Amino acid sequence: MRGSTTARTMLAPVALGVVAIALWQLLVVAFEVKPFLVPSPSGIAGAFTESFSHIVDAAKVTGLNALIGLVVGGLTGILVAIFANALRVLSQMLAPLVAALAVIPIVALAPVFYAMFGAAAHTGRQIIAAIAVFVPMYLNTLNGLRQVEPVHRDLMRSYAATAEQANRLLLLPGAVPYVLNGLKIGSSLAVISALIAEYFGGPANGLGKAITSAAAGSNYTGAWAYVLGAVLLGALFYGVTAGIEAWALRRRGGS
Amino acid sequence: MRTARAQSILWGVVGVLGVAALWELYKAVAPDEGVTVGSITVLPRTTDIAMPHIWDMVTRLFDPVTRAADADVLWWAVLQAAAFSLGIAALGWVLGVISGMLLALLMQRWLTAESAVLPWVVLSQTVPLIAIAPLVKRWGTNIHVGSFQWENWMSVAVIASYLAFFPVAVSALRGLKSPPQADTDLFHAYAAGWWTTLIRLRLPASVPYLMPALKLAAANAVVGTVVAEVSIGLGGGIGRMIIEFAATASGDPAKTWAPIFGAVLIGLLSAGLVALLGRGLGRFRRGEVPA
Amino acid sequence: MSATRAAVTIQGVDKVFRTRKGGEVHALSDVSLEVAAGEFVSLIGPSGCGKSTLMRLVADLDPATGGEITVFGKTVEQARKDQDYGIAFQQAGLLPWRTVRANIELPLEIHGVDARARKERSDELLALIGLEDFADHHPDQLSGGMKQRVAIARSMAERPRLLLMDEPFGALDEMTREHMQNELVALCQETGAAVIFVTHSIPEAVFLSDRVVVMSPRPGRITDIIDLSFSSRDEDLREDAAFYKGVTAVRSALHGGADASPGPRGVENR
């Protein structure tokens, strides 16, 4: 029974992936699909290995922007959420601003940030990634801080615990799973935002710009190879944050 | 109850005004070239080009778009572009919701399907499909079926739907699986089939999970539309307008902000429309959980 | 030892809750009660009689609307700040990310007791509740009864002279419940603390208490106080005629108190 469950959760997705790629390859070869439509997986793999070092370089640039955005946006989100939870007025003042940030395309602000921080620097992209990360971090942390059970609140009051003690001993540890979930969501957003911000101008050595310039030069197989690089970068960010989440929750001893 | 609501709206307005005040305060106090550490600008420049006055942004809305004699007034042009983008986003949202629901049903029905598909659904969100927007455009130009011609705006809608489907698929699956054993046992005891159980139990039970997901999907669809417009190069919408106006920023910096306000507007409008939809499903929404 | 050596004095206390629609609920009306040092007093009554509310006022978790409450001669706020009482609720309320030991040490940690003294005290308490082997387990690895024992050990961490307990055994099965009652009796005899114990089980109140305070709703008030002076409290008492007499006395007091409804709802007769 256990064996079949493992087979199902581990093998099934792998099998689906293999079948999909095989089918893709087969169709491209069988119908002689032109590369500008869909290049074959083997073609993409070839282009990927061929320009591997360039892809890695570009991924480093985009990845660093995303990482800085993730750290800055994440920490800001947690801090602001702690203050907003302590000060009801602050959370009310922030509510419409965060609601707006959550529904607007933040990358639309890219040209503005390029003007404010200089179009030759990566600062504007990092800020865009940071804002994109801030929103789920702030909302998740605040939600987590508010999940306190009444019995725990009573307990802290009966101990005459200070606000700082209640935060450190009760609220923050309780919010950890929510914060980590926010981080996981934020990690994908950071990569995508840093990538897309490149479409709106700025320095041209990142993955996003590489995709568009390859496509503009009709090098479609090359463009797909860069897309594959972006996919792997996104998966790396997601995998690491999901790993941190799983590790922290296990260490915490159930829930 | 009513006063509490009025109070939170009041504080919300204070928050927005506070940001505007901070903007003007920083602009007045900080040096023109911002604050740089080494060669990196850590605090923004405050010139009128980088940070126009709030009132300039607002008054600019009531001037014509260009100096041309037949130019529309700016806010009207922005509103038209916003309506265009909102329409595409709505189409993308509908497509995304339908495909997300179908996928969730598939995964709920067959456990193996869930095991095989769910990891890919999650992985799909790390794939910046927006990044292949330039490639999607190339596909479209090769599709001719009879008199049907693939248009660029359809590519934009497809990309928007790709961003919208994920929260729907994941939350709908959670919702469909949410009824406890006792409930499914009850339906089993009634000898109800899968279909009856779906209609009478699983779908109603999934509404509380679905509502936040639909809202998130709407926001994603808007983001997808605006960005895809830029990368595909589709004119007429907010995304393209942002790029066009940003190009003239040095001569007319306040104009850059007009389409950004337009983007905020469609974001809020789409969230409002979904909220309106949710009111109709009020009786299924007891004990809603955030997505 | 003066005559005012009371653990808790409650004088003419009122508590009014305002509802969201602007109405008022009279949770407690003119309640007076004195609990002597070392005395075990149970509060019993149907749902809505204000027994939990009364305990929360003593604990300074909610403010009273009128009247006066003192704990060891101090205001409730001062008593809370001085940690003169320990408290346990119906839910164990353990922090899920802390081990059993760290949960017991929580109040000591908050009040700046150093690590060595904390460990000494938690060792003592773990032995007292018989969970030495579970010191490093997390709450999700414990049964309901074990969790509740940890919560009670935590309430005793600072050797309070007063214990406030709000239906601490309410969520346990009958077997575990009787076992926990026996343990609580033993613990109280050892520590000599006064206890205010909220319950809706008649046998539980009778078995544990020196006095049972019977309350009635709308508005919440004390209708009767029944003295029980058993010579000893052990398993045999549960089969004793005096015990059944006590149960009968409390039951009839409860029924007499509920004049509007056919029977006291929310009271268990088991």
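Axes here are lines fitted to C-alpha atoms, for helices over the stretch in contact, with angles running from 0 to 180 degrees between N-to-C directions. Helices (H or I, at least four residues) and strands (E, at least two) are DSSP runs, numbered from the N terminus.

A quick word on the model. It is predicted: local features need pLDDT of at least 70, side-chain atom pairs count only at pLDDT 80 or more, and totals for chains, interfaces and linings use all residues. Residues are numbered from 1 along each chain as its sequence is written, while chains are lettered from A and ligands numbered from 1 in the order in which they are written.

**Exercise 1. Describe how helices α3 and α6 of chain B pack.**

Step 1: Two packed helices are described by the angle between their axes and the distance between the axes.

Step 2: α3(B), residues 74–109, meets α6(B), residues 152–176, at about 35 degrees, and the axes are 5 Å apart.

Step 3: The crossing of α3(B) past α6(B) is right-handed, that is, the near helix is turned clockwise from the far one by less than a right angle.

Step 4: sort the contact residues. There are 21 nonpolar, six polar and no charged ones between α3(B) and α6(B). Nonpolar means Ala, Val, Leu, Ile, Met, Phe, Trp, Tyr, Cys and Pro; charged means Asp, Glu, Lys and Arg; the others, Gly among them, are polar.

**Exercise 2. Work out where strand β3 of chain C sits.**

Step 1: look at burial. Five of the five residues of β3(C), 40–44, are buried, so the strand is largely enclosed by the rest of the structure.

Step 2: find the partners (strands pair if DSSP finds at least two bridges between them). β3(C) runs parallel to β8(C), residues 194–199, with five bridges; C:Ile44 has C:Thr199 as its bridge partner there. Four bridges link β3(C) to β9(C), residues 211–216, again parallel, and C:Val41 partners C:Arg211.

**Exercise 3. Trace the open sheet of chain C: what is the strand order?**

Step 1: write the order. The four strands go β2-β1-β4-β5 with antiparallel pairing.

Step 2: name the edges. β2 (24–36) and β5 (74–75) of chain C each pair on one side only.

Step 3: zoom in on one pair. β4(C), residues 66–71, joins β5(C) through two bridges, and C:Val71 stands opposite C:Lys74.

**Exercise 4. Which helix gives the largest share of chain A's side of the contact with chain C?**

Step 1: size the contact. Chain A puts in 18 residues and chain C 16, where contact means C-beta atoms, placed from the backbone, within 7 Å.

Step 2: find the helix. α7(A) supplies the largest share, six residues.

Step 3: classify. Chain A's side has eight nonpolar, six polar and four charged residues.

Terms used. Two residues are in contact if their C-beta atoms, placed from the backbone, lie within 7 Å. A residue is buried if 20 or more other C-beta atoms lie within 10 Å of its own, exposed if 12 or fewer, and partly exposed in between; C-beta atoms are placed from the backbone.
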